[in-house]
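Please have a look at it first.

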Amino acid sequence: MIQEDLERIREEAKEQIEKAVSSDDINQIKVNILGKKGALTAILRGMKDVAKEDRPKVGQLVNETREKIEQALAKTQAEMEAKAQNARLSAETIDVTLPAKRMERGHLHPNQVALREIEEIFIGMGYEVVDGPEVEKDYYNFEALNIPADHPAKDEQDTFYINRDMLLRTQTSGVQIHEMEKGRIPIRMIAPGRVYRADEVDATHSPVFHQVEGLVVDKGITFADLKGTLAEFAKGVFGEETKVRFRPHHFPFTEPSAEMDISCFKCGGKGCSFCKNEGWIEILGCGMVHPHVLEMCHIDPEEYSGFAFGIGLERIALLKYEIDDMRLLYENDIRFLRQF
Ligand SMILES: [Zn+2]
């Protein structure tokens, strides 16, 4: 009787294993036949009804059956895994002959290109590039630069004040003071950086823009040094033929002060629409460091003199690339930026 039952179980197992398509099916067969409540286990439980002398033989038969079923299950499981792995490998095959995806490469912003060019020119003349704080004390932004309390530049309308004494710098000129206070002379430095003004955004204004401050302090520095240096700078940026001219101006922290124009690089000075028929383009402000500013930094104006200048970085970038609206520099429209 038991032999027949075992035969039947083996046949059933064989049938089920042939139908199995997944590991889940295999596991289910294991449970159904070999598990605690499985068919084969039930037979082992029935051993107590088998005559004592027959038990070893029946036990052996049960074990053989179990082994055969286990082997069949393991074989099928291994075949399934091999098949699944083959399928996965062929799905993941890489066609090395396909063209690669094009990598988009970034590049420098026009402001940055202009800045690097300016830095290179001044580094070539022995200047150091220094940095200064954007959140600045009123003293460094105004007072030490000879800008009195009632000066229109100090108007709260124009300046982002953080509190009574702290503000977002409106100019990079404060870096001049920081450098002079270090007491290391000679000084030959440029200080590029962000500045902030409470301006409405339009084609020529932005609440955040960039300046490049310049300062030279040494014995015997004259206005001729200023002119020679800035003429060299203009040629470096706008071409060897570029001429410069200086017009008297007023800045509180330089005396005398001037604005520098360059000859129009489009028409060579003859006059065109680009220079509004002037032949000249205004480019920067400059002057000899005011003796009072030197004194406030504990530098003796009888012994030392210097010149300073401030370049609007955006102005240089706009002119250089003939861009007519400053907003384009900040909008990060990729169609615009791709051109540079
Ligand atoms: Zn012109």
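Predicted model: local features only at pLDDT ≥ 70, side-chain atom pairs only at ≥ 80, totals over all residues.

The accessible surface of the protein is about 20200 Å², and 51% of that belongs to carbon and sulfur atoms, with areas taken from the Shrake-Rupley method with a 1.4 Å probe. Residues are numbered from 1 along each chain as its sequence is written, and side-chain values use heavy atoms, with hydrogens and water left out.

Of the 340 residues in the protein, 39% are buried, meaning under 20% relative accessible area with a 1.4 Å probe and protein chains only.

As for the overall form, the protein has 12 helices and 9 strands, which are DSSP runs (H or I, at least four residues, for helices; E, at least two, for strands). The radius of gyration is 43 Å, well over the 20 Å that the globule rule gives for 340 residues, so the protein is more spread out than a compact globule; both are defined over C-alpha atoms, the rule being 2.2 Å times the number of residues to the power 0.38. The C-alpha trace spans about 130 × 45 × 40 Å along its principal axes.

Turning to the sheet, 7 strands form an open sheet with mixed pairing, in the order β1-β4-β5-β9-β8-β7-β6, where two strands pair if DSSP finds at least two bridges between them. β1 (128–129) and β6 (244–251) stand at the edges with a single partner strand each, so one side of each is left without a neighbour in the sheet. Within the sheet, β7 (residues 254–263) and β8 (residues 280–289) run antiparallel and are joined by 8 bridges, and I262 has I281 in β8 as its bridge partner.

Note on methods
Buried < 20%, exposed > 50% of the residue type's maximum accessible area, 1.4 Å probe, protein only.
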